[in-house]
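I am opening a notebook on a structure that is new to me, and I want to keep each entry tied to something I looked up. The entries come after the display.

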Amino acid sequence: MRERAEIRLLPDGRRLYLHDGPIDVILEAFGTTSETTSAYDAAARRFVSVLDELCGELSILRQPLTADSRQPVGTVAKRMARAVAPYAARTFITPMAAVAGAVAEEILAAMTGAAHLERAYVNDGGDIALHLEPGQQFVIGLIDDRPDRASLFGTAVLEASEPVRGIATSGWRGRSFSLGIADAVTVLADQAAMADAAATIIANAVDLPEHPNVFRVRARDVAPDNDLGDHLVTQGVGDLTAQEIGTALDGGETRARTLLTEGLIRAAALHLRGQTRIVGFPLHSNTLGNHAGDRSLVHA
Amino acid sequence: MPDDDAIRCDACPVLCYIKPGRLGACDRYGNRDGQLVRVDPHVVLDRALARGASVVPFLEREQEWDGNIVSAPKTFVTAIGAGTTYPDYKPAPFIISSEVEGVDMVTVVTEGIFSYCGVKVKIDTDRHLGPECNLVRAQGEAVGHVTTGEYGSQMLSLGGVRHLTGGSRREGTVTCDTLLNLCNGKAVELKVDEGAAVVVQAGKPPIIDDVLEERMRVGCGSATIGMFAKQWYGKVDEVVVVDDHITGVLSEHQAGKLLGVPETGIKIKGRRSTPGRYFQVAEPGTAWGGTNIEDPLAILQPFKAKIAWPGLRLLMVSTTGEHHAYFELDEALRPVQKDLPTTLSESVARIKENCEPALCTVLFMGGAGGSLRAGVTENPVRLTHSVRDALTRVTCGGAPVYIWPGGGITFMVDVSRMPENAFGYVPTPALVAPIEFTLRLQDYADLGGYMDHVRALASIMPEEGHRHVSARPDNPWPLFPAKTPESQS
C-alpha cells in the first residue's frame, strides 16, 4: 500500500508539516500572509514528488559516487551528490549521507522561488535549511541528546550577513546508522546538504575503534538494503571512562578542524556522554530563556 | 543481496527490506515474525455487552474463565490498520484462527485498496436537491451525481472508478477525499449543479442551503390524506397536503369519498393523476413539501362558484407538518388566512410526530478484486464461490455487509456500524477499507488457504499497537459460523 504524502498545518496554524514515507519535514516561513501562503503552497507542490524522484534512482544514491559511475539526474539527488563529493576521495560515503539536508534545501528553494520571504526554515528530521533576508537572523538552540531530559546547552545567533544557511546533526542514536559513537554532532555550513554530509563524516570520526564496550554490527545484518552494507555500524555504547570519551572526541575534533579549514563547515558541536567540543561555533552561553519563542529554533 | 528472513515493505517507494523485529526507514512499518505490520494502532473489536467505553486497554479486560466449557472468543481482529499486501500474490497481513463453539474458525484480515468503490448517500428530505443525473460537486470538482429518488429521500451516488481515475488528477483526489471523509463519519459539503448546497454527515441530519432538515415526511401528500382523513373529517371541509411529488386533496381522494366528504369546488394547478392526487403542482424547491412555493395559495385556482360556499374551511399542510396554513372563504369565495383552530392543530402535530428524524446515511460500496482475494487463498475464485455458498462470512471492520448478487465480491456496508476512522486512502487515488473473511478452518484449507500463515488469536495478543474497541450490540458477532457443520453435509 502506497500511502499518500501527508501535508497539513500544525495546530499552531503557523508551521507546515510534510510527511511521505521516511521523510518528515516541519517548515515555517516569515513574511506577509500572502507571501507565506504562496510559499507553503510551493513547498507542498514540490514535496509531493520528492520521494518518488529519489526512489527512482535509489540504487545509484546508495553507492559511493566515482567519476565513472552513473550520475544522478534529479535535482535533490544532484544536491546530495554535490554535498558528498568533497569526501569521496578520502573515505567511504554515499549520497545518502546528505539526503535529509538536500530535501530541506530543495523545499526551501521552492518556497523562496515562489514568494518573497523575510525568513524561513525547513527542518527535515533535524537537518535544517535556512533563508535569511539581509538584516534578519535566527537564534538556534542546541539541546542535549536525550529527548527525555532535554536541556538547552547553548544558543547560536545566525545573522544574514554570515554565510551559514544549513544545520545538520548526526549521531548513532539517530534514524540513520553511524560508524562512530558520537551522541550528536551538530554542524553549521553554507548549505543544508553540506552540513548533513559533514555531520556524518565528523560523527563517524568520534570513535573508539575495537573498544569492547562498543557494540557494532554489519549494517546489512540490520537493514539488508542499507547503503553502508558490510560496514560496522554502532548499535550500543557501554561504559566509557572520561579519558576514553576525550580520546573519541579528539578524533572528531581533528576531523572537524580539517573541514573548517577547507571551508566545508563553519562550525561544529560534538557531543558524547555529557562532554562537548566546540569548533568555530559562535556559541553563546546558556541564556536561552530570554528569547521569544518564534525567534528560536530548537534543534534536537 | 537481501537475507531470506527480511521482508520487503511496499508502503512507500523506498521499498525497505526489513529484518524480523526491525522497523523500516520510516519507523512506521515493521517486520513482526515475518509479517509486514504497521506500528500504528491496529483495531481489535472486543465483544462487550454494552457499547460503553469505545477504547478498552487490553490488560483491563476481563480475563477470568466465564464458566462455559466452550466459550466463543470475545475478541475479533478487524482489518483496520492491518496493512495490505497489494498488489502481490502473497498472504494477507493477518490470518487468525480462533475456536468458536468447537469449530476452528479462521479470519483472514486485510485492508483492501478499492479503486472500484463509492458511496451511496440517502438524504432524508423532501427538499429538492437538484435534478436527477446532475453532477454533485465537492470543492468544485465533480464527485458523483443525483440518482433516482427514494421514499422521503434524495439519493446521491458518489465516487466510482470514473471520478476516481477517469477525470483530472484533482477530480480524483477530491473524490477520494470526499469518500474518505464520508466513510469516516465526517461532514462534507456538497453542491448539486442547478441545485442545493447540502452538508452530509453519516448519522446526522442534512443541512440544505444552510437549513437543518429535522423530519422525514410521513408519506406522500396522497398517503398523508389517507392516514389522517378520519381525524380531519367533520373538523374541516377541505385539506390539501402539498407535496412536490403527489399533492393530495381530501374531498377528491378515495379516503375522503369513503367518508362522504362533500365536493368543495377546489381547483388545483398541476396534472391530475387519479382522483385527489396531483403531480407537478409547482416546481421542485426547498419550501413547502419540497416545492418552490412559499405561499400555498399559489397552487390553487379560484374555487368553482357553483360548488364552493362562503365560510368553507380549508387546511393546507406539507407532508411533514412543518408548513401549514388555515383559510376560510369570504363572500367572494377567496381564501382568507385565519389562525389554525385547536381542533386541527392536533392533526398537524400528529403529522409531525409521525415523521421520523431526517438523517443522512452513507453506505460504502466496493468490489474485492482478484489480488485482494489472492491474499486469502492461492486460488482467488474459490473465495468468491465460498462467499456465494455462505461458507465464508465477509465483514468490513467487523460490521455486516450486503453482498451484491452476481460476479465478484461486491459489497455494501453501513459506515456508521464500523469503528471510527476505519478507512484510509492511497494516492492512486483509491480508498483503503478493512475487509475480513471468516470461515471454518477446514473450509479454509479446502479452498487453498495459506495454512502455514494461520496464527492463533492468542498469539497476536497481548501485543502493543492494538486498539480495542467495543463491538456494537446491533452488529452480529462476526465469528458465529455462517453455516453450522451439520448443514453442510
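What follows is my set of entries, and I note at the start that this is a predicted model.

**Entry 1, chain A as a whole.** I began with the secondary structure of chain A, which comes to eight helices and 15 strands. I then looked up burial and found that buried residues make up 48% of the 300 residues in this chain. Turning to contacts in chain A with a separation of 6 or more, I noted that 61% of them are accounted for by residues 24 or more positions apart.

**Entry 2, helix 4 with helix 6 in chain A.** Two packed helices are described by the angle between their axes and the distance between the axes. I looked up both for helix 4 (residues 75–84) of chain A and helix 6 (residues 192–205) of chain A, whose axes come within 8 Å and cross at roughly 50°. Helix 4 of chain A and helix 6 of chain A are therefore oblique to each other, and their crossing is right-handed. On the side of helix 4 of chain A the contact is made by Arg79(A), Met80(A), Ala83(A) and Val84(A), and on the side of helix 6 of chain A by Ala193(A), Met194(A), Asp196(A) and Ala197(A). Sorting the residues of this contact by class, I have six nonpolar, no polar and two charged.

How far apart are the axes of helix 4 and helix 5 of chain A, and at what angle do the helices pack? I found the axes 9 Å apart, with helix 4 of chain A and helix 5 (residues 99–114) of chain A packing at an angle of about 130°. These two helices of chain A, helix 4 and helix 5, are therefore oblique to each other, and helix 4 of chain A passes helix 5 of chain A in a right-handed crossing. Helix 4 of chain A brings Thr75(A), Val76(A), Arg79(A), Met80(A) and Ala83(A) to the contact, while helix 5 of chain A brings Val99(A), Gly101(A), Ala102(A), Val103(A), Glu105(A) and Glu106(A). By class I recorded six nonpolar, two polar and three charged residues for this contact.

I looked up Asp230(A) in the loop between helix 7 (219–222) and strand 11 (232–237) of chain A. Is Asp230(A) buried or exposed? Asp230(A) counts as exposed, because 8 C-beta neighbours lie inside 10 Å. Leaving out residues up to four places away in sequence, Asp230(A) touches Arg218(A) and Arg220(A). I then moved to Gly56(A), which lies in helix 2 (residues 50–56) of chain A and is partly exposed, with 16 other C-beta atoms within 10 Å.

Just after helix 7 of chain B, Ala390(B) takes a positive phi of about 65°. Asp193(B) is partly exposed, with 14 other C-beta atoms within 10 Å. Not counting residues up to four places away in sequence, Asp193(B) touches Gly130(B), Asn134(B), Leu135(B) and Arg137(B).

Key:
Residues are numbered from 1 along each chain as its sequence is written. Chains are lettered from A and ligands numbered from 1 in the order in which they are written. This is a predicted model: local features need pLDDT of at least 70, side-chain atom pairs count only at pLDDT 80 or more; totals for chains, interfaces and linings use all residues. Axes are lines fitted to C-alpha atoms, for helices over the stretch in contact, and angles run from 0 to 180 degrees between N-to-C directions. Helices (H or I, at least four residues) and strands (E, at least two) are DSSP runs, numbered from the N terminus. Angles under 35 degrees count as roughly parallel, over 145 as roughly antiparallel, 65 to 115 as roughly perpendicular and the rest as oblique. A crossing is left-handed if the near helix is turned anticlockwise from the far one by less than a right angle, and right-handed if clockwise. Two residues are in contact if their C-beta atoms, placed from the backbone, lie within 7 Å. Ala, Val, Leu, Ile, Met, Phe, Trp, Tyr, Cys and Pro count as nonpolar, Asp, Glu, Lys and Arg as charged, and the others, Gly among them, as polar. A residue is buried if 20 or more other C-beta atoms lie within 10 Å of its own, exposed if 12 or fewer, and partly exposed in between; C-beta atoms are placed from the backbone.
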